[in-house]
Amino acid sequence: MKFKLPKSKKALVVIVTIVLLISISFTIQPKENPNFFERGLYFVFTPIQTVVRWPINKVKSSITFFSEMKYYAEENERLTEENSTLKEQIRKLEAAGAENEELRDLLNLRKKYETEHAIVAEIISYDASAWFKVMSINKGRNDGVNENMIVLTPKGLVGKVTQVSDTSAKVTTILDVNNVVSARITKTGDLVTTKGDMNLSEKGLLRLNYVMSDTLLNADDVIETSGMGGIYPKGIFIGTIKEVIQDSTLTRKYALLEPGVDFNKLNEVLLINGLGGEES
Amino acid sequence: MKKWTLTLIVILTYLLQTSVIPEFSINGIYPNLFLVVTCGLSFLFGSTIGAVNGFCLGLLNDFSQGRCVGLYAFLSMYIGMILGQFNKRFFKDNYVVAIIFIGFATVFYEVVVYLFSMFAYSQEFSLLALVGKSLMIAFMNMIASVIVYPILLKIHIGIEVDRNIFGR
């Protein structure tokens with residue numbers, strides 16, 4: 001098959017190809033600030049995407065509400081019981097807390113953390129690729145969003161903010177291949193890392209690396225952030241172990257981790273400040 | 001008329017792909033409207049329009065991900081150019097041929113993106129994941145093209161009629 005293109009067009013194709021290849025080689029590493037064209041794109045499309053997403057999010061919320069009504073009734077009953085137990089525990093804690101200055105400081109810190117730095121944002125778009133897991137939110141630098149802010153929901157860690165424009169921001173989820181999270185096994189305290197894996201992301205799973213062969217790790221074990229990586233504060237729930245797999249070298253093993261967050265049902269997320277460093 | 005219509009198609013495709021299409025995901029996989037529209041336009045309008053629209057849609061895809069700028073533009077432009085070569089070889093109203101081409105183009109596109117990402121981001125190779133996911137997306141794109149291609153065909157006919165009657 002011969003390409004039927006005039007010479008001038010062939011030359012244009014060659015020039016565009018060279019420019020694109022140069023662009024690919026220069027932008028292959030993740031960057032924090034969107035370029036001029038990306039900022040323009042976000043500026044124009046973010047308000048439109050917000051409008052388009054609004055009815056979709058409302059319908060999704062309504063469907064979820066009705067489908068989970070029975071669950072909510074049972075949950076309400078369970079929580080009422082749990083509430084009375086917790087109230088009892090709080091009374092005990094308050095008695096102890098009066099004598100414990102350290103606990104009081106911690107409580108103050110927690111209050112500050114919750115009220116001053118939390119931003120609620122809505123998901124407005126998803127990337128078109130099946131291999132990467134990046135989404136956009138409707139809050140940007142004008143709303144106080146910065147790079148490396150932590151994105152989470154009550155069900156667990158979603159990811160981190162990797163790019164911010166004035167009116168929107170990109171969130172690289174923990175399922176993405178570029179997102180490594182320093183984590184720990186809650187039960188034993190052993191340090192591990194989670195990393196997105198292209199081959200697992202469509203199943204909604206990620207990979208737990210650096211697990212020594214003598215580490216006690218079983219299915220359903222809870223994994224949370226370790227606070228050691230530089231970005232994610234300690235103790236944020238990431239997910240539970242689905243399967244533990246022994247490495248062929250027998251010195252290490254890895255595990256498949258099921259995140260607490262259902263990424264297909266995300267509508268709103270909470271943004272909090274990270275530790276301010278680079279996750280390593 | 002033609003330029004404005006094609007620009008509108010690109011903008012609508014971007015909005016639908018980023019805000020609406022993800023709602024039809026199965027296990028996190030959803031159709032790639034950028035590719036479906038690129039292939040459809042190439043098949044209907046030929047190489048030049050196929051390549052230009054592929055480039056524009058690919059670039060929007062690159063920018064919307066905020067990652068490696070140029071990969072999708074590069075791929076979509078060449079897919080648009082190659083598929084456009086078949087523009088005069090088949091009847092445009094033959095949906096089946098167009099849909100099959102879209103399926104093959106999707107597999108090619110996903111395999112290239114997978115291999116590129118595997119090397120660029122140090123990922124392990126998994127034939128099962130590559131084949132499974134690529135075929136799944138190809139199947140979804142073919143389903144999407146059953147709806148999209150007839151719409152593009154009607155637009156194409158409209159533009160041709162407009163040109164023949166009014167000379168625009």
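Between which two strands of chain A is the loop that holds Asp220(A) found? The first point answers this.

1. **Asp220(A).** This is a predicted model. Asp220(A) is found in the loop between β8 (206–212) and β9 of chain A. Its phi is near 75°, a positive value in a residue other than glycine. Asp220(A) is exposed, with 8 other C-beta atoms within 10 Å. The cut-off for exposed is 12 or fewer, so a count of 8 qualifies.

2. **Asn148(A).** Here is another non-glycine residue with a positive phi, of about 70°. Asn148(A) lies in the loop between β2 (134–137) and β3 (150–153) of chain A. It is partly exposed, with 19 other C-beta atoms within 10 Å. A residue counts as buried at 20 or more, so Asn148(A) stays in the partly exposed class.

3. **The barrel in chain A.** Chain A holds a closed barrel of 6 strands. The order is β6-β7-β8-β11-β10-β9, with antiparallel pairing. From one strand to the next, the twist averages 40°. Strands of a sheet pair through backbone hydrogen bonds, either parallel or antiparallel.

4. **β6(A) to β7(A).** Strand β7 covers residues 191–195 of chain A, and it pairs with β6(A) over 5 bridges in the antiparallel sense. Ser182(A) stands opposite Thr193(A) in β7(A). The two strands form a hairpin with 5 residues between them. In the turn, Gly189(A) has a positive phi of about 85°.

5. **β7(A) to β8(A).** This pair also runs antiparallel, joined by 3 bridges. Lys195(A) has Arg207(A) in β8(A) as its bridge partner.

6. **β6(A) to β9(A).** Which strand of chain A is joined to β6 by 3 bridges and spans residues 222–225? It is β9. β6 itself covers residues 180–185, and the two strands run antiparallel. The bridge partner of Ala183(A) in β9(A) is Thr225(A). β6 and β9 stand at the two ends of the barrel order as written.

7. **Chain B, make-up.** Chain B has 6 helices and 0 strands. Its elements run α-α-α-α-α-α from the N terminus on. The radius of gyration is 16 Å, close to the 15 Å that the globule rule gives for 168 residues, so chain B is as compact as a globular protein of that length. Along the principal axes, its C-alpha atoms fill a box of roughly 55 × 30 × 30 Å.

8. **Chain B, packing.** Buried residues make up 49% of the 168 residues. Among contacts in chain B with a separation of 6 or more, 69% link residues 24 or more positions apart.

9. **The largest core.** The largest nonpolar core has 60 residues. Those with the most contacts inside it are Val36(B), Val37(B), Cys39(B), Ile79(B), Ile102(B) and Ala105(B). At least two residues each come from α2 (36–67) of chain A and from α1, α2 (33–45), α3, α4, α5 and α6 of chain B. The core therefore draws on both chains. α4(B) supplies the largest share, 11 residues.

10. Ala105(B) is in contact with Leu35(B), Cys39(B), Ile79(B) and Leu83(B), leaving aside its neighbours within four places in sequence.

11. **The contact between chains.** How many residues does each chain give to the contact? Chain B gives 42 and chain A gives 45. On the side of chain B, the elements with two or more residues are α1 (2–20), α3 (47–65), α4 (71–84), α5 (95–120) and α6 (127–166). α3(B) gives the most, with 7 residues. By class, this side of chain B has 19 nonpolar, 18 polar and 5 charged residues.

12. **Asn164(B).** Is Asn164(B) buried or exposed? It is exposed, with 9 other C-beta atoms within 10 Å. Asn164(B) lies in helix α6 of chain B.

Conventions. Residues are numbered from 1 along each chain as its sequence is written. Chains are lettered from A and ligands numbered from 1 in the order in which they are written. This is a predicted model: local features need pLDDT of at least 70, side-chain atom pairs count only at pLDDT 80 or more; totals for chains, interfaces and linings use all residues. Two residues are in contact if their C-beta atoms, placed from the backbone, lie within 7 Å. Helices (H or I, at least four residues) and strands (E, at least two) are DSSP runs, numbered from the N terminus. Ala, Val, Leu, Ile, Met, Phe, Trp, Tyr, Cys and Pro count as nonpolar, Asp, Glu, Lys and Arg as charged, and the others, Gly among them, as polar. Two strands pair if DSSP finds at least two bridges between them. Axes are lines fitted to C-alpha atoms, for helices over the stretch in contact, and angles run from 0 to 180 degrees between N-to-C directions. The radius of gyration is taken over C-alpha atoms; the globule rule is 2.2 Å times the number of residues to the power 0.38. A nonpolar core is a set of buried Ala, Val, Leu, Ile, Met, Phe, Trp, Tyr and Cys residues joined through C-beta atoms within 7 Å.
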